[in-house]
Amino acid sequence: MAIHIKGGRVIDPGHCDGMFDLYIENGKILKMVTPGAAPKDMSVDQVIDATGMLVLPGLIDMHVHLRDPGFEYKESIETGCRAAVHGGFTAVCAMPNTRPVNDNRQVTEYMIRMANQAGFARVYPAAAISVGSKGQALSEYGDLKDAGAVALTDDGLPVENGQMMRRALEYAKGFNLPIISHCEDMSLAAGGCMNEGVVATRLGLPGIPNISESIMVMRDIGLCELTGGRLHIAHVSTEESVQAIRDAKKRGVPVTAETAPHYFTLTEAAIVDFDTHAKMNPPLRTEKDRAAICQGLADGTLDVIATDHAPHSPLEKNVEFNMAANGIIGLETALPLSLKLVTDGVLTLDAMIRKMTINPASILGIPTGIREGGIADITIIDPDREYILKADELYSKSRNTPFDGWTMRGKALYTLVNGRVVYKEPS
Amino acid sequence: MQLRKKDILDIESLTVDEINLILDTAEGMKEISERPIKKVPTLRGKTIILFFHEPSTRTKVSFDIAAKRLSADCISISASSSSMVKGETLIDTARNLEAMNPDIIVMRHSSGGAPNLMARHVKASVINGGDGMHAHPTQALLDLMSAREKLGDLGGKRIAIIGDIAHSRVARSNAVGFSKMGAHVVFSGPPTMIPKGVETYGADVTYDMDEAIRGADIIMMLRIQKERQENFLFSTVREYSRYYGLSEKRVNMAKKDVLIMHPGPMNRGVEISEAVADGPYSIILEQVTNGVALRMALFYLLAGGSRDGDTH
């Protein structure tokens, strides 16, 4: 099955940006030529007309909860991977807070096997830092890496014990695995259910202060300096965290960081009439924080845009606000929300693409790029396609998004994984 | 004039005219409770459900009496007797209650916003009887009624609200209500009990209780919950009482004929001294009496047929 992608603008940050035709066969990019210069002796089975479109390395989402095994009523590996390719993602990094927790080879292998069977996006599991993510004993990092894990995290729960975090960073260094840290001081979060501030005060809801995140960011940066381990800060939401990471990078600390589209798009003001679709952890913050997140993305402090895709059923969301589960789905809204940063002049197109392709790939050590001979994971997008997002029409099994009914601009029209079209936008 | 509202969830969503209508109606209701036969047929055939998911004595009894004096059929459900202990969700409970066609559901719940959730799923009127730390609109309305009765127009009057502002739905609803009626609200309490962004209520904040009550027309004391000690919000009851308790000496710093209010239940000797609680300036029991009239007024305005006009 040979595919010819013609007439598109091919952007692979740091490598190329221009009009090229791509010829794909056997999962690889066979040829990358100037438009019209057809390679000899090649019979093409499918021609994709990408005129006016952007042809990008497949988008990578390094922070996704696929809920499988254990919570398949919220999402399965199959539905999550379908949602991914619908949103333009060709690879996702699956968080380990499944049931059982992904702290062992069997679960890691299961995730990869199920993703291969489904045949949509690639799944790269992140395994647990500690057994059961309980913060008491280290899991078997070597065995997990051997099984296919690309990172370690107890995401959803912070590593509260400083000594364990130190040892995790050191021990992971031996296997060249990054530690992804969910930064939260639970005693300062104090059972809060939204950002501490004016809106929480008016609604009478217990608040979570910025410091509950940033103080742990600072601790982990200190431990990263001490150990020389590889630290990646998950879902940054506050101005103080951005500042701490910026300062650390200036000192040469090998820390990387991500934020999610909701943190640069929304603020706590989205919690209208106790809407649980605006409830997540860390919580939506203030306009000042949102602006700082944008600044952090612009100046490179924040390396990655990741969704923290967190599917929940109405059982967890259609309840009293303080009892509702944290998190929103993100795979199918991240691309247009990130493109808006380009429209708004926060990021260049090149920088946005980096944060959704080569930056997460380099942190996780996974393949990316558009090169002759390289893997054919490709996303073709129309950055100007406008549509109204309808939660009911999404591929994810869950519907928990605050963006239902929003006018979105930018859509993946074709998603190719391993040289196969795994998503095609209906015309 | 009619009250064109389905629900009473908070004070924010009431206009000054609506508040005045409710208070005027409540004043008219007071007399019913003073008759030898304390019952009028106004709401005969109407069904009111008291859904109390959090313990309450005073508020529940007040709503219950108010319903009965208007001849409504009033049914009580508490947390322990509801299916929610069997794992039923609030929305399912709402749908089941709705299926029995009640006219009004009064709801108290430990989660802020729970009555909003209920109101979105039922056609019946929902009255918030206190939700989490969010709002307690009927308490604020009866407090406004009690203050207005004594002082007339509340414009320019100074009300000091003292205590754990952060955890108090009464403080929130009263701050909004008294501000709306033109009064000047001053909060006082230890800094640990003053929430972030409290200035958006248009209220002043001082950690010095004496400063708060100097020149006050009304002093409203809030109940201090002793379990807050565990969250490091204050040191000891002894020290709290010394710095934030209302003594006779402190009462003398306020305006002559100051009104002393407390939403109850009181901790005598902690936030309020015995002498002040039972003293000449205290209108604490009048608040309770007015509570019945105020709740009768709300039932009447929501279910008394006045809303039929705009539902057709």
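**Entry 1: chain B against chain A**

I began with the two chains and found that chain B and chain A bury about 1600 Å² between them, with 51% of that area on carbon and sulfur atoms. I note here that the model is predicted.

I then looked up the residues in contact: 22 from chain B meet 18 from chain A.

Next I checked for charged pairs across this interface, and the rule finds three salt bridges between chain B and chain A. I looked up the pair B:Lys196 and A:Glu196, whose side chains meet in a salt bridge at 3.8 Å, N to O. That distance falls within the 4 Å cut-off, so the pair counts.

I asked which elements of chain B supply at least two residues to the side that touches chain A. They are α3 (90-98), α4 (114-121) and α6 (169-180). The largest share comes from α4(B), with five residues. By class, I list nine nonpolar, nine polar and four charged residues on this side of chain B.

**Entry 2: the two domains of chain B**

I turned to the domain assignment of chain B, which gives domain 1 as 16-136 + 290-302 and domain 2 as 137-287. In the contact I find 29 residues from domain 1 of chain B and 25 residues from domain 2 of chain B. The C-alpha centres of these two domains of chain B lie 26 Å apart.

I looked up the buried area and found about 2200 Å² between domain 1 and domain 2 of chain B. Carbon and sulfur atoms hold 58% of it. Which three residues supply more than any other three of the area that domain 1 of chain B buries against domain 2 of chain B? I find B:Met133, B:His136 and B:Asn290, with 33%.

**Entry 3: polar pairs and elements between the domains**

Across the interface of domain 1 and domain 2 of chain B, the rule gives me four salt bridges. I also looked up B:Glu27 and B:Arg148, whose side chains meet in a salt bridge at 3.1 Å, N to O.

On the side of domain 1 of chain B that touches domain 2, I list the elements giving two or more residues: α1 (16-30), α2 (58-69), β3 (104-109), β4 (125-131) and α11 (284-303) of chain B. Of these, α1(B) gives the most, with nine residues. By class, I record 12 nonpolar, nine polar and eight charged residues on that side of domain 1 of chain B.

How values were computed: Residues are numbered from 1 along each chain as its sequence is written. Chains are lettered from A and ligands numbered from 1 in the order in which they are written. This is a predicted model: local features need pLDDT of at least 70, side-chain atom pairs count only at pLDDT 80 or more; totals for chains, interfaces and linings use all residues. Side-chain values use heavy atoms; hydrogens and water are left out. Domain bounds come from an automatic or database domain assignment. Contact means heavy atoms within 4.5 Å. Buried area is the accessible area (1.4 Å probe) that two parts lose on being put together, summed over both. Helices (H or I, at least four residues) and strands (E, at least two) are DSSP runs, numbered from the N terminus. Ala, Val, Leu, Ile, Met, Phe, Trp, Tyr, Cys and Pro count as nonpolar, Asp, Glu, Lys and Arg as charged, and the others, Gly among them, as polar.
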